[in-house]
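Take a look at the structure below.

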Amino acid sequence: TYEQALQQGKDFLLEHDDYLIVSHVQPDGDAVSSTLTVGWLLSCLGKKFTMLNEGPIPQRMHFLWHADQIVNMSEQPLDRKFNAVICVDCADFQRVGLTENYFAENAAILNIDHHPTNNGYGSVNVIKPDAAATAEILFDLLEMMDVPVDQAVATAIYTGLLTDTGGFRYSSTSPKVMAAASRLLGYGVDGPHLAETLLEGMTLSQVKVLKRALDTLALSEDGKVAWVYVTPEDMIATGAANEDLEGIVNYPRNIHGVEVGILFKQINDNAVKVSMRSAGKVDVAALAHAFGGGGHVRAAGCRLDGRLDEIIPRMVEQVRAEL
Ligand code: 5GP
Ligand code: MN
Ligand code: MN
């Protein structure tokens, strides 16, 4: 059961003395907040720990407590490996990216996640597929372990809930999520400020790259699949960072009658990142999974080798076959 899994998670956190905490590549709000929340938990237990990501933390999350202490290994390589690793919000082992280089051989892994496609790669797995965010699971863990909650960690947890539910709007926004959000507000979280910082506010580059992406909008003949794409030239011309692409996929998906919206991003000469959003009829997690990716029923992604002109028709065909 979930309670037993939480208990095993607790035992893992008590058992070792020196932990590596990692989340997925191109971290989102849940990945960052979950990393920080585990860091808080371990510091309350008096444990040693290092927070690590393959790349940088998105600028708009830098204000979070201790976000500057999440090591970006592309800038600051570590000098040793760890025997105990905690992976948060990583649907499969590949999602940890290059941070794997710092896992000792046979390292013990605690896998805490909410993706239904998670395959249980940890030595200990705390997976709750109906949780709205990994942060929701961590809030349960904190309360179960009687770890104190202050405004800073409450803000981190709220950030994970807020971003992974699209501002408490997706179908994952359960009564439990709202009750958790309510308790978090009680700890002094500034909800409107977080909504502005994390969801509403846009960089100029973000608007510019959105403008170019929308210019590429295309629909299948039946109007049920809509997509946009972004090229390396778009990124350079607009000065956009990867994090500036978040949310773009919602535009094709939000068109009336569209069942699946897709964002294609050419990452380099021979790789395309595919982001999919479903209105509900199509399980995009299963689709993404078939291409080596994963995610949730209504939000999933994968990475394919090739170029936009070949991948777009192939992927659209696959999606149409599901309808
Ligand atoms: P996004 O489209 O915003 O990048 O991701 C949507 C969801 O799909 C997220 O929950 C994310 O974890 C998952 N996802 C995106 N790309 C991949 C991928 O390449 N592999 C896996 N396993 N999951 C992905
Ligand atoms: Mn995530
Ligand atoms: Mn998540």
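α2 crosses α4 with a left-handed sense. The contact draws on Gly-29, Asp-30, Ser-33, Ser-34, Leu-36, Thr-37 and Trp-40 from α2. From α4 come Val-153, Ala-156, Ile-157, Thr-159, Gly-160, Leu-162, Thr-163 and Asp-164. By class, the residues of this contact are six nonpolar, seven polar and two charged.

Now the geometry, bearing in mind that the model is predicted. Helix α2 spans residues 29-44, and helix α4 spans residues 151-164. Their axes come within 8 Å of each other and cross at roughly 155°. Angles over 145 degrees count as roughly antiparallel. α2 and α4 are therefore roughly antiparallel to each other.

Turn next to ligand 1. How many residues surround ligand 1? The shell has 13 residues. Ser-275, Gly-293, Gly-294, Gly-295 and Gly-301 are the closest. Sorted by class, the shell around ligand 1 holds six polar, four nonpolar and three charged residues.

Which strands supply at least two residues each of this shell? They are β11, residues 294-295, and β12, residues 299-305. β12 gives the most, with five residues.

The domains complete the picture. Domain 1 covers 2-200 and domain 2 covers 204-321. Each of the two contributes at least three residues to the shell around ligand 1.

Definitions and conventions: Residues numbered from 1 in each chain as written. Chains lettered and ligands numbered in written order. Predicted model: local features only at pLDDT ≥ 70, side-chain atom pairs only at ≥ 80, totals over all residues. Near = placed C-beta within 6 Å. Helix = DSSP H or I, 4+ residues; strand = E, 2+ residues; numbered from the N terminus. Nonpolar A, V, L, I, M, F, W, Y, C, P; charged D, E, K, R; others polar. Domains from an automatic or database assignment. Axes fitted to C-alpha atoms, helices over the stretch in contact; angles between N-to-C directions. Parallel < 35°, antiparallel > 145°, perpendicular 65-115°, else oblique. Left-handed = near helix turned anticlockwise from the far one by under 90°. Contact = placed C-beta atoms within 7 Å.
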